[in-house]
Amino acid sequence: MTNTAAQGSPLAPEWLAVPEDLNKLPEPMWARDVARNGAGELSIDGIPVSELQRQYGTPLFVMSENDFRARARAFSDAFNNAFADICGGVDVYYAGKSFLCTSVVRWVEEEGLRLDTASGGELAVAYRAGIPGADVALHGNNKSDGEIHRALDMGLGRIVVDSLDELVRVGAIAQGRGEQAKVMLRLTPGVHAHTHEFIATAHEDQKFGLSMAADTTDEAGISAAEEAVAAASAHPGIELLGLHCHIGSQIFEPDGFALAAEKLLRFLAAMQEKYSITLPELDLGGGYGIAYTPVDTPRPAAEIATAMAAVVRSTCAELGIDAPRISIEPGRAIVGSTTFTLYEVGTLKTVRVDAPAASGDGDADNNVTYPRRYVSVDGGMSDNARPVLYDADYSAVLASRTSNAAPQLSRVVGKHCESGDIVVRDVYLPEDVAAGDLLAVPGTGAYCWALSSNYNYLARPGVVAVRDGSARLIVRGETEEDLLNRDMGA
């Protein structure tokens with residue numbers, strides 16, 4: 001029989017190669033200041049993970065503040081440079097839904113970015129952090145009256161309206177206060193994003209946005225998007241700033257962004273001419289992908305910016321219109337790779353799974369059993385729901401030490417009472433991983449803490465930010481007392 005540990009297991013997906021060196025940190029999944037120290041232990045800005053575990057426990061989200069700031073600046077610089085000759089630069093809104101706390105809001109403001117929120121709770125974080133309301137946007141397909149009032153109280157720079165019903169409500173509330181709400185209309189351009197169905201948001205059959213497709217059942221035959229433009233431009237309670245779209249998340253290819261930009265520019269030009277109005281702003285959303293596994297190939301911010309600028313420049317020239325002020329909304333692409341989750345290993349077990357025989361393992365027409373090891377950690381789907389929500393792939397490394405042991409196909413699982421409680425579906429880890437070892441899962445800065453829960457009454461982990469060799473809590477981990485304090489039965 002061949003050595004499947006060295007050659008790779010037939011149980012592994014095709015994209016997962018056996019690493020040449022299990023101790024190496026594969027690029028570009030990690031923050032720039034994460035490395036192994038002289039003792040072989042994973043460290044961040046010089047702080048070993050064992051010290052972080054000693055101070056804060058596990059599970060633990062570990063974030064590089066310097067890396068966050070650098071990625072924020074990279075987006076701002078790249079897009080401002082690419083669009084300087086088109087519209088004087090770009091407004092970069094950090095998508096707070098990916099991960100938000102008051103410290104992050106302050107970093108965003110200090111690096112010259114604006115903030116995109118999606119609920120009253122996120123607005124409350126923005127308010128506490130002290131960012132000017134003019135630099136904040138509010139999204140959401142079902143905003144409450146209270147959220148709309150809060151947005152107006154804070155003097156938000158834009159409210160992104162998702163439907164005709166909502167447009168009427170926002171306008172009525174603002175008019176009743178004797179104000180005008182600054183509004184952008186979110187459109188669905190019908191662009192197919194190459195991503196998971198649940199995070200593709202520009203196709204017609206989903207909850208977000210105003211359709212750009214003509215309504216053939218209506219006598220006028222105009223689209224919901226055009227109807228909204230006409231209504232908003234005539235409403236005394238609304239200042240119509242422009243148009244918005246967002247085609248999805250975790251997207252690597254630039255084609256979808258380019259096509260969406262072209263479609264919205266053509267629509268914008270047609271609306272300006274037909275209704276004799278000026279729409280000064282166009283938001284092209286976010287959704288730029290990051291590397292969760294060694295085979296993911298995210299685009300540098302400068303490459304994305306250059307490609308999008310070329311489309312905007314050529315389309316505006318063709319249409320003979322002045323380019324609107326462009327804005328974008330990166331979230332995952334800024335925060336995702338800044339953070340890893342630190343876990344402690346608990347129980348391990350190895351199962352035997354049938355699979356077609358690999359070359360050299362005998363008759364290829366017959367199944368052979370191969371080992372798959374389950375490595376349980378002290379967290380799980382309560383701190384990372386993405387694998388269970390939309391089959392997200394992650395990677396992992398042995399963090400507390402190096403190892404020269406052979407690679408073993410492993411599945412990192414959590415401690416919840418669910419068979420689907422999988423943190424990393426397939427990864428090669430050293431055969432000698434044992435209880436008490438530390439594992440680190442990179443790329444967990446976006447949508448992990450934000451989607452965390454108390455399933456099985458697990459307390460949600462804390463978030464530690466590291467900068468210049470110093471670590472501090474920016475979100476305190478919950479305790480059992482926190483959970484019990486909300487139980488009003490005793």
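**Helix crossing, a buried arginine and the nonpolar cores**

Mentor: In this predicted model, helices α6 and α7 cross in a right-handed sense.

Trainee: Which residues make the contact of α6 and α7?

Mentor: From α6 come D145, I148, H149 and L152, and from α7 come R169, V170, I173 and A174. These residues divide into five nonpolar, one polar and two charged.

Trainee: What makes R71 count as buried?

Mentor: The relative accessibility of R71 is 15%, and buried means under 20%; R71 therefore counts as buried. R71 lies in helix α3, residues 65-87. Beyond its neighbours within four places in sequence, R71 is in contact with W30, A31, R32, A333, I334, S337 and T338.

Trainee: Which residues touch the most other members of the largest nonpolar core?

Mentor: That core has 111 residues, and those touching the most other members are F79, F83, Y94, F99, L185 and L243. Leaving aside neighbours within four places in sequence, F79 is in contact with V90, Y288, A301, I304, A305, M308 and I328. Another core, of 21 residues, lies apart from the largest one and includes L52, F340, V397 and V466.

Methods:
Residues numbered from 1 in each chain as written. Predicted model: local features only at pLDDT ≥ 70, side-chain atom pairs only at ≥ 80, totals over all residues. Heavy atoms only, no water. Left-handed = near helix turned anticlockwise from the far one by under 90°. Helix = DSSP H or I, 4+ residues; strand = E, 2+ residues; numbered from the N terminus. Contact = heavy atoms within 4.5 Å. Nonpolar A, V, L, I, M, F, W, Y, C, P; charged D, E, K, R; others polar. Buried < 20%, exposed > 50% of the residue type's maximum accessible area, 1.4 Å probe, protein only. Core = buried A, V, L, I, M, F, W, Y, C linked by side-chain atoms within 4.5 Å.
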